[in-house]
Amino acid sequence: MNENELNRRSFFRMALAAAAITPFALKSMKAEAAACPATAPAGKQVAQEGVGMAKGLDYVADGKTSKNPKHKPGQNCLNCKYYNDKKAEGGYAPCTMLGMKYVTNCGWCKSYLAK
Ligand code: SF4
């Protein structure tokens, strides 16, 4: 085996390894990338911390502030199964668990379920 063959094999091994880890890296980046939106969308019903169903589910508009022991770093509404991406507006989207009230992409509640 000459040096060119070794370099080619090394290249293909590295390319395969990169292709294998890329989806996980992107998912992880999405989990951490949820920056809290500055303002709520106009004309939408927005979940309020400590009010109604949001209170019962321990919802917080910024998941990083949650004191609920179930909350884990990287969990937020954006990567929750109940966050309705298709109706997202300005960093908010309706949440199935909160009666379709709009929640922040960086929020969290104890009904969190990973997508
Ligand atoms: S159920 Fe999911 S999307 Fe809804 S408030 Fe809780 S964490 Fe956010």
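The largest nonpolar core of this predicted model contains 20 residues, and the members that touch the most others are Ala47, Tyr59, Cys77, Tyr83, Cys95, Leu98 and Val103. Two elements give two or more residues to this core, namely strand E1 (92–94) and strand E2 (102–104). In soluble globular proteins, nonpolar side chains tend to be buried together. When neighbours within four places in sequence are left aside, tyrosine 59 is in contact with Ala47, Glu49, Ala54, Leu98, Val103, Gly107 and Cys109.

The chain has two helices and two strands, and these follow the pattern α-α-β-β when read along the sequence. Of the 115 residues in the chain, 26% are buried. Among the contacts with a separation of 6 or more, 69% are made by residues 24 or more positions apart.

Strand E2 includes threonine 104. Threonine 104 has 27 other C-beta atoms within 10 Å and is therefore buried. Its contacts, apart from neighbours within four places in sequence, are Cys36, Pro37, Ala61, Cys77, Gly91 and Tyr92. For one of these contacts, alanine 61, the C-alpha atoms of the pair are 5.8 Å apart in space, although threonine 104 and alanine 61 are 43 residues apart in sequence.

The ligand is surrounded by 14 residues, of which Cys77, Cys80, Cys95, Met97 and Cys109 are the closest. By residue class, the shell around the ligand consists of 12 nonpolar and two polar residues, with no charged residue. Cys77 and Cys95 are also among the core members that touch the most others, and Cys109 is in contact with tyrosine 59.

The loop between E1 and E2 contains glycine 99 and methionine 100. Glycine 99 is exposed because 12 other C-beta atoms lie within 10 Å. The C-alpha atom of glycine 99 is separated by 9.1 Å from that of alanine 47, which is 52 residues away along the chain. Methionine 100, with 16 other C-beta atoms within 10 Å, is partly exposed. Its phi is near 65°, a positive value in a residue other than glycine.

Aspartate 58 also has a positive phi, near 60°, and is likewise a residue other than glycine. Most residues other than glycine have a negative phi, and most peptide bonds are trans. Aspartate 58 lies in the loop between H2 and E1 and is partly exposed, since 18 other C-beta atoms are found within 10 Å. Lysine 64 belongs to the loop between helix H2 (52–56) and E1. Lysine 64 counts as exposed because it has 12 C-beta neighbours inside 10 Å. Along the chain, lysine 64 and tryptophan 108 are 44 residues apart, and their C-alpha atoms are separated by 8.3 Å.

The average pLDDT is 84, and 70% of the residues score at least 70. Over residues 21–26, pLDDT stays under 50, and the model has zero contacts beyond four places in sequence for this segment. Where pLDDT is low, the predicted coordinates should not be read in detail.

Key: Residues are numbered from 1 along each chain as its sequence is written. This is a predicted model: local features need pLDDT of at least 70, side-chain atom pairs count only at pLDDT 80 or more; totals for chains, interfaces and linings use all residues. A nonpolar core is a set of buried Ala, Val, Leu, Ile, Met, Phe, Trp, Tyr and Cys residues joined through C-beta atoms within 7 Å. Helices (H or I, at least four residues) and strands (E, at least two) are DSSP runs, numbered from the N terminus. Two residues are in contact if their C-beta atoms, placed from the backbone, lie within 7 Å. A residue is near a molecule or strand if its C-beta atom, placed from the backbone, lies within 6 Å of it. Ala, Val, Leu, Ile, Met, Phe, Trp, Tyr, Cys and Pro count as nonpolar, Asp, Glu, Lys and Arg as charged, and the others, Gly among them, as polar. pLDDT is the predictor's confidence in each residue, from 0 to 100.
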